[in-house]
Every structure is written in C-alpha cells, then in structure tokens.
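Welcome! Take a moment to look over the sequence and the 3D view, and then we will walk through a few places together.

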Amino acid sequence: MAVVISGSGLWKPEEFVTNEELVEAYNAYASRFNEENAEAIAAGDVAEKPLSSAEFIEKASGIKQRYTYCKEGILDVDRMRPLIPERADDEISHQAEMALHAAKKAMAAASKTAEDIDMVVVSCAYTERAYPAIAIEVQEALGIHGFGFDMLVACSAATFAIHRAYDAVAAGSSKCVLVINPELTTPQINFTDRDAHFIFGDVATAMILEEDTTCTSDHSYEVLGTQALTQYSNNIRSNFGYLSYAYDGDPFSDDKLFHQNGRKVFKEVCPMAAQHLEQQVNAVGLEVPDVKRWWLHQANINMNELIARRLLGRDPEFLEAPIVLDEYANTASAGSIIAFNLYHEDLQAGDLGVICSFGAGYSIGSLVIRKR
Ligand code: CO8
C-alpha cells in the first residue's frame, strides 16, 4: 500500500495591500512619530523611526503585494493593525471559515466527501484560541466523523502536519486525512516596524492524503519519503501567549508580535535547507537532478534562488522552483503548498518533486513525491 496526496486546495482573501499602499501608511505613521518625539529623539532617549520603501521591499524579498483577511485598519495611521470584528461563540470562527474554503477545494480535487475522511488536522503558525480546536470546529462544519486536532509548528506547520497524515495512513490508523493551513498572519504583524511590516500575507491551503487503493483523483502523488529537522533558535520569535494574563508587563508590547533577525535567518537557514534537501532526496535513493520540481517555502526570493543554486549548481528555471511571493508574500507554512497547488498539474506520471518548508524554530520539513 502506498500513501498519496490526492488533492490540494487554495483560498485567498479578496482584499490585498500593495507595497506602495503599505509604505505610504507606514511612512506617514513614522513621520508623525518622529515629529511628536523630536525632542526625545534629539536627546537620544527615543530611536527615530526610519522610513520604508516599496523598491527595497521588492528587491529584498520579491514581494509586491499581500492578501489580507481584513484590510480595514492596517493602513490607518491611528491604528496600524487589522480591525477584525470579534465573533460570538455560536458563530463560525475566522480561522475555521478560512479553513473551510480551502478544505472544500481540496476535497473536490480529490473527489472526497465528508464520509471518506476520518482525521482532520489544522496546522498553522497561530490558532486564534487554545480550545476547542479549530480542527474540531471544521470537522463539525463539514460533517466528518473520526477526530481532529490543531498543531503549531510556525513555518513548518503544513509540512509537519502532512508528515503526521502520511504516518497515520501508512500505519493504518486513518484511511483519509484532511490537512488544513489557515494562515491568518496579519494580526501578528507589527505594522509600525519598518523591518517587518511588509513580510506576511493571509491565505488558507489544504491537502488530502489517503491510501492509493481508494484514490480516484486525476492528479495524485505517491509520497516516497518524509524528513523533518528542528534546531532551536531565537532569531524568529513571538512571545504572544496565554501567560500574558499573569504577567504584569504590556500584553501587547512589540515582543508579543512577530520579530526576527532577518539577516541571521537568511545566513543560517539557507545552508541548512540546501543540505537537508540533498540528504532527503538521497535518502529515498535519488539524486538532485532526478527532481523535476522544487516547491520551496516562500519567505524570500533571494533565499529560494540561493538554495536552488546550491542544489542545482545553476539558476533554476521558473518552473523548477516556482515563486509565488510576488502575489502572496510570506504566508508562514502555506507558501510551499500554494506553490504546489498552482504548479503541479502539468507534471507527467513518474515525475519527481519535493515540497519543503523552512523557518521559525528553526524547522525544516520535506516530502519527496512522485506523480502517479
Ligand atoms: N525599507 C527600506 N529600507 C529597509 C527596510 C525597508 N522596509 N528594511 C530594512 N531596510 C534597510 C536596512 O536598514 C539596511 O540598511 P543599512 O544597510 O543602512 O543598515 C538595509 O535595508 C538592509 O537591511 P537588511 O540587511 O535587514 O535587509 P535584507 O537584505 O537582509 O532583507 C529581509 C531583509 C527581507 C527580512 C531578509 O533578511 C530575509 O528575508 N531574511 C529571511 C527571513 C526569513 O526567512 N524569515 C522567516 C520568516 S518566519 C516564517 O516564515 C514563519 C514564521 C511564523 C509566522 C509568523 C506570522 C506573523
């Protein structure tokens, strides 16, 4: 029996924010801050806020725009954070709503109904509450029997959840698994921080994994191997959490939002990811040139080009390692799944590909797959 990926789904919000819009709002905010704090800045008590630039953002990251679940509030210099209405307990939660959109698309692509699925995993960088699990809310909304649970592994939440799905199907404890990644990142962005305000966007992705014997999909991929690696690092961090209630400090201080040492991340993660990918391909008896497509994590275009160059010894063609950053920005764990979703149907039976995430933790997760 083989385990296959038999469907994937991608949902993006209708609203988006361009670099130009973002920079205009940030620069207005920063200029006002600098004016209001001119004396303290001159005395060296407060740091001047540097200005941002749309050209820098595109050059440094490859990002041109990002989708936003709620655009309202983000560009408001008096707010600088999305204005998301709180929902009552008997309403569908925001992340469950996002997850459902992507789940239904993955189920349609795999020709699966609720009766076919017996395990639901919602895995992403943040969940909007601790319990009940978003996965159980989605399970209920879809009418799926069996069980569901949430997982958090930051950038590698999607790949690590697919690993768990693979393990469950391979072990026979589940027949068909729905993995969903509702990446609602914008509420964790410090839009007043020039170094971080441009990085993330919102999106939801989903995948179905099942036994090959039940698969009826037109586009399915046998999972040949999975590999995960973690190594503790404080270079990408958020201190947001339930202990804030017990602390005397500000529950909304800057350290409670996403922050990183981007340069260090770049330098440390690129070699780790390239080495991991080569080892992962070799572990299933293949060589790097055997791989037709690399669906890489989408954090930074220069990072992806560097990793691809290290692997291939040359620049990749677009379709060898597709980039979706220009349209979607960094969508935490969903990036490599977006790339897979948009660029997989052209592959032929026998073609090999690798899905790989890398980032916060640090965490790296990969799968070698073969088109059936
Ligand atoms: N506008 C203009 N200038 C800028 C800006 C800006 N917005 N930002 C920085 N600069 C300036 C700097 O001040 C610096 O100037 P100087 O040389 O005078 O000091 C110059 O530009 C260069 O700055 P950097 O060295 O910081 O710029 P880089 O070329 O390194 O680019 C990046 C910055 C884009 C952040 C880059 O370092 C990068 O992408 N690194 C990798 C980061 C990464 O992969 N992070 C992982 C993200 S985490 C993740 O994927 C999931 C986490 C969990 C989800 C969280 C959801 C909220």
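Which residues does His197 touch, not counting residues up to four places away in sequence?

## Getting to know His197

His197 touches Leu22, Val23, Tyr26, Ser52, Ile57, Ile189, Asn190 and Phe191, once residues up to four places away in sequence are set aside. Keep in mind as you explore that this is a predicted model.

You can find His197 in the loop between β6 (176-183) and β7 (203-211). Is His197 buried or exposed? With a relative accessible area of 1%, His197 is buried, because the cut-off for that word is under 20%.

## Around the ligand

Now turn to the ligand. There are 29 residues around the ligand, and those that come nearest are Cys155, Arg194, Gln260, Arg263 and Asn300. In the side chain of Gln260, an N or O atom is 2.7 Å from a nitrogen atom of the ligand. An N or O atom in the side chain of Asn300 is also 2.7 Å away, this time from an oxygen atom of the ligand. For Asn330, the distance from a side-chain N or O atom to an oxygen atom of the ligand is 3.0 Å.

How much of the ligand's accessible area does the protein cover? On its own the ligand has 1,200 Å² of accessible area, and the protein covers 75% of it. Two or more residues of the shell come from each of the elements α3 (54-61) and α7 (262-283). Helix α7 gives the largest share, four residues. Sorted by class, the shell has 17 nonpolar, nine polar and three charged residues.

## The nonpolar cores

Next, look at the largest nonpolar core, which has 48 residues. Its members that touch the most other members are Leu277, Trp294, Leu296, Met303, Ile307, Val354 and Phe358. At least two residues of this core come from each of α1 (19-36), α3, α7, β11 (293-296), α8 (301-312), β12 (352-359) and β13 (363-371). Which element gives the most to this core? That is α7, with nine residues, and α7 also gives the largest share of the shell around the ligand.

Beyond residues up to four places away in sequence, Met303 touches Val265, Phe266, Val269, Cys270 and Phe358. There is also a second, separate core of 35 residues, which includes Met119, Ala157, Ala165 and Val324.

## Asn304 in helix α8

Asn304 lies in helix α8. Its relative accessibility is 3%, so Asn304 counts as buried. Leaving aside neighbours within four places in sequence, Asn304 is in contact with Leu296, His297, Gln298, Ile323 and Phe358.

## Asp116 in a loop

Our last stop is Asp116, in the loop between α4 (94-109) and β4 (119-124).

The side chain of Asp116 reaches the backbone nitrogen of Thr113 at 2.7 Å. With neighbours within four places in sequence left aside, Asp116 is in contact with Ser111 and Cys176. Glu15 is 101 residues from Asp116 along the chain, and the C-alpha atoms of these two residues are separated by 33 Å.

Methods. Residues numbered from 1 in each chain as written. Predicted model: local features only at pLDDT ≥ 70, side-chain atom pairs only at ≥ 80, totals over all residues. Heavy atoms only, no water. Buried < 20%, exposed > 50% of the residue type's maximum accessible area, 1.4 Å probe, protein only. Contact = heavy atoms within 4.5 Å. Near = heavy atom within 4 Å. Polar contact = N/O pair within 3.5 Å; in protein donor to acceptor, adjacent residues only side chain to side chain. Areas by Shrake-Rupley, 256 points an atom, 1.4 Å probe, with all protein chains shown as cover. Nonpolar A, V, L, I, M, F, W, Y, C, P; charged D, E, K, R; others polar. Core = buried A, V, L, I, M, F, W, Y, C linked by side-chain atoms within 4.5 Å.
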